[in-house]
Amino acid sequence: MPARQLGLNVFLQRHGHHPAAWRQPSASASGRPDLAWWLRAAKLAEAARFDSFFIADFIGRSGAVTPDTGRAAIGLPFEPFTLLSAIAAVTSHIGLIATINTNYEHPYHVARKFSSLDHLSGGRAGWNVVSSFGEHTARNFGILEPRSHAARYARADEFVALSKALWDSWDDDALDQPDRAGGQFYAPAQGHALNFQGEYFASRGHLGLARPANPHTVAGARAA
Ligand SMILES: Cc1cc2nc3c(=O)[nH]c(=O)nc-3n(C[C@H](O)[C@H](O)[C@H](O)COP(=O)(O)O)c2cc1C
């Protein structure tokens, strides 16, 4: 029987997970995004041999003011793909997991961004797929009607299915060996144009990026 291995993931919030953690004297003093803090944390996690570095993301702010407003640290965090791209450049093998919500994006954009992150990190991208639906976040996006639990998850299923199909829209090696002498940059037969028509999304054609190094990276990251 193959040896079983436990994967260890790091999940940090810049101002701590407790709402008052920011008041600790050793806590980060500023509410501005701080790239140096994140780079240092990721490098420490990699040196400590963690398998993956996870970025949670709860997008949206309501703008409501109550007596408690302003008392908890509001992590107004970096957008996950942008932050993980910077982290990818200073690490070499820790997995990089971005939280992306399926209610507010189109799969084409997300598949492209994950493929980009995967290529530039050497196959280390992972996706925490969420479909959480806070009322104030929805309003940030101009969505006024609630979405049922079933509809959110049906949409998420379709979102992931289309993302996978987009990653698969090129063969692994489709763009690896342009034929200079023959003047053929790639073989059209190695591209598989989609004709996807779902309940929530439609997409025809290819993803505009070579197949990721670590295709179908959903819900998990790999460490070297
Ligand atoms: C450990 C954990 C981490 C989560 N991280 C996020 C997150 O980063 N962003 C987010 O929008 N939702 C996050 N969620 C929320 C879940 O995706 C889910 O929407 C929530 O648990 C409510 O369940 P429901 O969607 O079935 O109603 C997280 C949930 C758990 C349990």
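Modeller: Helices (H or I, at least four residues) and strands (E, at least two) are DSSP runs, numbered from the N terminus. The model is predicted, so local features need pLDDT of at least 70 and side-chain atom pairs count only at pLDDT 80 or more, while totals for chains, interfaces and linings use all residues. Residues are numbered from 1 along each chain as its sequence is written, and side-chain values use heavy atoms, with hydrogens and water left out.

Colleague: In what order do the four strands of the open sheet stand?

Modeller: Two strands pair if DSSP finds at least two bridges between them. Strands S1 (9–11) and S4 (125–130) are at the edges with a single partner strand each, so one side of each has no neighbour in the sheet. The pairing is parallel, and the order is S1-S2-S3-S4.

Colleague: By how many degrees are neighbouring strands of this sheet turned against each other on average?

Modeller: Axes are lines fitted to C-alpha atoms, for helices over the stretch in contact, and angles run from 0 to 180 degrees between N-to-C directions. For neighbouring strands here, direction is ignored, and the average turn is 25 degrees.

Colleague: Which residue in S2 is the bridge partner of Phe 11?

Modeller: S1 runs parallel to strand S2 (residues 52–55), and three bridges join the two. In S2, Phe 11 is bridged to Phe 54.

Colleague: Which helix packs on the sheet touching S1 and S2, and which one lies across S3 and S4?

Modeller: The helix touching S1 and S2 spans residues 35–47, and its direction makes about 145 degrees with that of S2. The helix across strand S3 (95–101) and S4 spans residues 107–121 and runs at about 150 degrees to S4. In that order, they are H1 and H3.

Colleague: Is Arg 49 buried or exposed?

Modeller: Buried means under 20% relative accessible area, exposed over 50%, partly exposed in between (1.4 Å probe, protein chains only). Arg 49 is in the loop between H1 and S2, and its phi is near 70 degrees, a positive value in a residue other than glycine. Because its relative accessibility is 69%, Arg 49 counts as exposed.

Colleague: Which residues is Thr 91 in contact with, leaving aside neighbours within four places in sequence?

Modeller: Thr 91 sits in the loop between helix H2 (80–90) and S3, and at 8% relative accessibility it counts as buried. Contact means heavy atoms within 4.5 Å. With those neighbours left aside, the partners of Thr 91 are Ala 42, Lys 43, Glu 46 and Arg 124.

Colleague: How many Å lie between Thr 91 and Asp 118, C-alpha to C-alpha?

Modeller: Asp 118 and Thr 91 are 27 residues apart in sequence. In space, their C-alpha atoms are apart by 13 Å.

Colleague: What is the relative accessible area of Thr 137?

Modeller: Thr 137 belongs to helix H4 (residues 135–140). Apart from neighbours within four places in sequence, it contacts Ile 59, Gly 60 and Tyr 104. Thr 137 is buried, with a relative accessible area of 7%.

Colleague: What share of the contacts with a separation of 6 or more comes from residues 24 or more positions apart?

Modeller: The C-alpha trace spans about 70 × 45 × 40 Å along its principal axes. Of the 224 residues in the protein, 33% are buried. Among contacts with a separation of 6 or more, residues 24 or more positions apart account for 76%.
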